[in-house]
Amino acid sequence: MSSPHLRTAGRRALVGLGAAALGAGAFAAPAAAQTPEVEETFVEDYSPITVGDDLKLAVAQIIFAEAFPLGHELTATITFDAPEGTFTLDNDDDADCAVLSDTVVECQADAAESVAFDYLYAPVLEAEPRDYDYTVEFKVDGTTVTTVDDVIEVRAHASDPFLYRGAEIESEAGGTSDTAPEYFQTDALAGDTVALAYGVAAPGYVLSGTAEVTAPYENCIDEYKGGPGITCVVTDFEDVPGGTFAPDAPIFFTVAENTPGPLTLCGCDYDVRALDAASLEEEFGDVDTENGEQLGLAVISESEDPADFAPNGYVDLTTTPNPFDLSVAATNAKGAKGDQKTLTVPVKNLGPADAINVFDGPGSYGLIGDLPKGLELVKIDSDGDEVFCFEPDDPMIEHSFPQVDPAKTDFVCIFSGLGEGESFDFKFTVKITDATANAKGTLEVAAIDNDGYPGIADADTKNNKADITVNGSGNGSGSTTPKLPKTGVSLGMIIGAAALVLVAGVVMFALTSRRRKAGAEG
């Protein structure tokens with residue numbers, strides 16, 4: 001089973017692009033009272049999936065042509081055309097979806113311009129390997145607005161007789177560490193086996209490029225199942241049931257410069273596959289398995305308990321502490337009552353690490369604005385450019401920024417990341433309603449926190465927050481009560497895509513954890 005980062009590569013990105021497009025129109029005209037037209041749906045199960053595999057993330061998203069008025073309910077009912085007991089179904093811990101039976105999942109949420117539901121599924125070990133049809137029916141207030149049909153490809157369980165111990169690596173930014181992940185052979189190899197393919201994945205998907213895997217041997221290539229990583233083809237191998245094996249030369253992980261930490265870059269997959277002559281020629285016909293330095297697979301023990309190994313192999317790659325330092329500067333609106341002023345605040349990363357994007361979608365960091373009494377928000381000039389903005393009272397904000405108090409916050413804008421030493425200008429326009437107001441507001445930059453992930457500490461939290469004042473005053477306290485302008489469409493229009501983004505980050509790592517626990521239990 002592939003890494004959660006790798007298996008979703010190239011698909012979830014479509015949702016991120018949709019979110020960006022939606023963000024650019026955040027202040028469009030008000031929506032009509034009737035149900036808006038369905039513009040697009042995104043239904044994905046990320047199959048193929050193997051019988052007996054751990055739970056896999058599936059997505060059902062709908063995008064409407066206009067924003068929704070408040071007070072409408074959206075449901076998505078996922079129905080599998082399969083015998084009862086074929087699939088294990090579950091929600092993804094965000095409580096949007098509920099399992100109604102062995103074949104039905106129902107998801108509910110307030111209707112919005114873009115809403116995405118995530119749920120989990122897996123075929124049981126006894127499931128028949130074949131294609132299974134399923135239907136996603138979207139309803140608004142009980143009325144069907146569209147139906148999507150799709151197919152899950154269920155494959156037979158791999159017959160290769162291998163189990164895996166797993167490995168852990170801790171590395172500093174710019175550093176190289178070596179590993180030799182072990183595996184256990186349960187039974188004799190098939191009689192037509194002519195080679196073994198030993199592969200290790202590199203971080204992929206959102207965290208692609210944060211680390212590189214290398215194996216500098218003639219029989220190794222720089223690829224793992226079509227993604228980043230390495231695969232080594234070994235034709236001189238031993239067939240030892242009950243034996244524990246390891247590479248006889250190291251595999252190297254090199255972490256990119258300026259990568260922040262501590263951060264788990266991946267539970268990178270590794271596995272061994274037995275190849276017959278046809279598979280060897282088709283997949284690795286150009287690999288030199290005879291000349292130069294060759295990586296081999298050596299027996300290191302014949303007395304270990306197979307219960308100490310798991311069905312799937314992972315290399316946990318974590319970086320050592322290496323913080324970034326995000327900062328914002330104070331800003332002052334100068335003018336008379338009634339004046340509109342565009343304020344420009346430089347947002348900087350003082351390093352030493354990059355503030356990298358760790359979630360798929362609009363971003364991983366936010367700017368939280370609380371205007372003082374005497375200022376009223378007119379617009380956010382940077383919205384849809386450097387940042388994508390949200391209403392502070394949307395329920396999704398509490399998942400990403402627990403410190404936000406909607407009653408005291410005027411806007412929350414998200415950006416993807418910022419390299420060490422880089423900066424951008426955040427611009428927003430305000431109207432002065434009291435030129436003599438003796439109040440102070442704040443602008444804060446912060447990283448998204450989803451139940452402690454990613455958990456990278458900022459090097460200097462003192463410069464994460466700066467004052468917003470009127471005509472140089474600000475000795476008092478108090479903030480304005482009006483929030484984002486109500487003259488346009490609610491910024492909730494991009495929250496649906498953001499919900500998918502935030503949930504995805506949590507689920508990807510939660511799934512990794514679940515799989516390891518399942519493997520450890522046998």
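Q: In β10, which residue is the bridge partner of Y132?
A: In β10, Y132 has I152 as its bridge partner. Keep in mind that this is a predicted model, where local features need pLDDT of at least 70, side-chain atom pairs count only at pLDDT 80 or more, and totals for chains, interfaces and linings use all residues. Residues are numbered from 1 along each chain as its sequence is written, and side-chain values use heavy atoms, with hydrogens and water left out.

Q: How many bridges join β9 to β10?
A: Ten, with strand β9 (residues 131–140) and β10 running antiparallel. Strands here are DSSP runs of E with at least two residues, helices are runs of H or I with at least four, and both are numbered from the N terminus. Two strands count as paired if DSSP finds at least two bridges between them.

Q: And what's in the turn of that hairpin?
A: Two residues sit between β9 and β10, and D141 in the turn has a positive phi of about 55°.

Q: What's the strand order in the sheet?
A: It's an open sheet of six strands, ordered β2-β10-β9-β4-β7-β6, with mixed pairing. The edge strands are β2 (49–50) and β6 (97–99), each pairing on one side only.

Q: So is β2 parallel or antiparallel to β10?
A: Parallel, over two bridges. T50 is partnered with R155 of β10.

Q: What about the other edge?
A: β6 runs antiparallel to β7, with three bridges joining them. C97 has C107 in β7 as its bridge partner. β6 and β7 form a hairpin with four residues between them.

Q: Which sense do β4 and β7 pair in?
A: Antiparallel, over seven bridges, with β4 covering residues 73–80 and β7 covering residues 104–110. One partner pair there is T75 with Q108 of β7.

Q: Switching topic: which residues form the negative surface patch?
A: E37, E39, E40 and E66. Patch residues have over 30% relative accessible area and no salt bridge, and like charges are joined within 9 Å. A salt bridge would be a side-chain nitrogen of Lys or Arg within 4 Å of a carboxyl oxygen of Asp or Glu.

Q: Where does E37 lie, then?
A: In the loop between α2 (12–23) and β1 (38–44).

Q: Why does E37 count as exposed?
A: Because its relative accessibility is 63%, and exposed means over 50% relative accessible area (buried is under 20%, partly exposed in between, using a 1.4 Å probe and protein chains only).

Technical notes: Patch = residues over 30% accessible without salt bridge, like charges linked within 9 Å, V, L, I, M, F, W, Y side chains within 5 Å. Areas by Shrake-Rupley, 256 points an atom, 1.4 Å probe, with all protein chains shown as cover. Lys, Arg positive; Asp, Glu negative; His and termini not counted. Charge placed at Lys NZ, Arg CZ, Asp CG, Glu CD.
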